[in-house]
Amino acid sequence: MSLYSLTLTEVAKKIKNKEVTIKEVLDDIYSRIEAVEPKVDAYITLTQDLAYKRAEELQQRLDNGEDIGVLGGVPIAIKDNICTNGVKTTCASRMLENFTPIYDATVIKRLEEAGAIVLGKTNMDEFAMGSSTETSYFKKTKNPWDLARVPGGSSGGSAAAVSAQMAYASLGSDTGGSIRQPASYCSVVGLKPTYGLVSRFGLVAFASSLDQIGPFARTVEDATMMLNVLAGHDNMDTTSANLEKQDYTEALVNDVKGKVIGIPTDFITEGIHADVKAAYDKAIETMKNAGAEIKEITLSYAKYSLATYYIVATAEASSNLGRYDGIRYGHRAEDFNDLEELYRKSRTEGFGPEVKRRIMLGTYVLSSGYYDAYYKRAQQVRTLIVENFKKAFEDCDVIMIPTAPNTSFKFGEHSASPLEMYLEDIYTVPVNIAGLPGISVPGGFDSKGLPIGIQFIAKSFDEKNLLQVAYTFEQNTDYHTKEPTIEEGK
Amino acid sequence: MSVSKEDVKHIANLSKLNLTDEELEKYTTQLSDIVSFANELSNINVEGVKPTAHILDIKNVFRKDEMQPSYDREEILKNAPSKDAGCVSVPKVVE
């Protein structure tokens, strides 16, 4: 068995026990990347020089008998909207093509303190806006399960890198499903923590009240290891929750007896692929057999999440992206006569079509005459959705729904109609609207062999219940043990 | 309610984006589609419902007003597209 097919937990142990050196682990993963990356295109930037330098330091400390951390020597990939000191952070946009941060995001500091090594920065939809990673300015990432199809998005590069075994784990960001949906499409575990649990300092902002950083991993155990490192209060993020530090590995128990799992039958209705529905029904059976109590619940406002999301998220984006004016950093147009023209040309040249569409939509819903009809109303519906979930959690511990209504689609399939693409987010968006934690776990394959994800959702800051149920589901299924072919589908 | 070409011209202007005629056509159709979809919210009774801007029950988090080291000027200027004499340079603003 090759080193790169080990789990994060296994490779960390081998390094710690000195069965392998950190350099051997790095050599192995970079040669895997060399072999597979030309087909998958998951990375924008690779950081070999920095990685080998860090490997040397860590190995020296390990050889001196020091504890190098729970992720000691483990190579990890980072979505390219998370700031890395001295390493380009482009957001897959021409606007930030040459932007090199002068500080690390808090999550990068935490990972490095725990001994992780950054392998490189991964491809994504431009400014995290999209569900297929097709809006990247640089390249299209392919789904390792069928190279003719999208990996999902916006964190498509991070999902594909873990799926194709080009990283032991990775970081993504999730504003409306950007971790869970690509995890579902690529058959890996994707965790979006509760809003406020993981610091957003150094994450390039898209929609500040919805954005959250989280891990991709090959198993629930690995994702839990990552969460243990990432979670915690940070003074640099005013929305960071100040809670006592927990050990989430305590939740890795294969047991759901006494747990109540809610099935929102009024939400899972039309527009769902028959194979996804079948996998979902099978997943319910799996949990029942594992000892959980299955209970029907109602989430009558959840269907309005998508409309709410595309108003709230674009409004926040139009404001957040106002900072890209070609002055202090980012793309500046070459020819201009005055300041106004500098702004206009820099923004027109620097942003791609999806970003422009969302900036304009956000500007529209915030503009005079439409504010009350759209933005304020969406915020009120948001309240109804939040209350809807609160009520539902009086009757159950964890809610289970599919991660996405369909499996991965072909490149260009939804390019003509952005709205069609937006509908793919129907099952992930409600979780961000209510700020809840959600996780996608491999849950089967459709008739073409494309992955299906099962999503679990818990109360705010109840990651322990979430992880225990997800872990039990994983331990009672074998979908996570399947490896992608990295070929074109038939 | 649908989005007109005039609306798109207006919001592109507010967003400081230039659109070609072709883009104007395309965005008018696409934004109309999305806005009509969003109109489903107009059927919901929201009377007396408080708006949620943010799901956490926190506001105005301040740190102590103490001096802390900041970033080095030269480091910051490395990302500036144009600079002069330790400053970011821009075209003439005041006539």
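Buried residues make up 61% of the 490 residues in chain A of this predicted model, where buried means that 20 or more other C-beta atoms, placed from the backbone, lie within 10 Å of a residue's own. Numbering starts from 1 along each chain as its sequence is written, with chains lettered from A and ligands numbered from 1 in the order in which they are written. As the model is predicted, local features need pLDDT of at least 70 and side-chain atom pairs count only at pLDDT 80 or more, while totals for chains, interfaces and linings use all residues.

Chain A holds 15 helices and eleven strands (DSSP runs, numbered from the N terminus: helices are H or I with at least four residues, strands E with at least two). Its radius of gyration is 21 Å, close to the 23 Å of the globule rule for 490 residues, so chain A is as compact as a globular protein of that length; the radius is taken over C-alpha atoms, and the rule is 2.2 Å times the number of residues to the power 0.38.

On to the sheet. An open, mixed sheet of eleven strands runs E1-E3-E2-E4-E6-E5-E10-E11-E9-E7-E8 in chain A, with pairing taken to need at least two DSSP bridges between two strands. Its edges are E1(A) (43-46) and E8(A) (293-297), each pairing on one side only. Further in, E7(A) (260-264) and E9(A) (398-402) pair in the parallel sense over two bridges, and A:Ile261 of the former sits opposite A:Val398.

H7(A) lies across E4, E5, E6 and E10 of chain A and runs at about 150° to E6(A). These angles run from 0 to 180 degrees between N-to-C directions, using lines fitted to C-alpha atoms, for helices over the stretch in contact.

H4(A) (106-113) is mostly covered, with six of its eight residues buried, among them A:Arg110 and A:Glu112. The cover includes E2, E4, E6 and H7 of chain A.

As for the interface, 52 residues of chain A are in contact with 43 of chain B (contact: C-beta atoms, placed from the backbone, within 7 Å). H12(A) gives the most to chain A's side, with eleven residues. The predictor gives the complex an ipTM of 0.96 and a pTM of 0.98.

Terms used: Contact = placed C-beta atoms within 7 Å. Buried ≥ 20, exposed ≤ 12 C-beta atoms within 10 Å, placed from the backbone.
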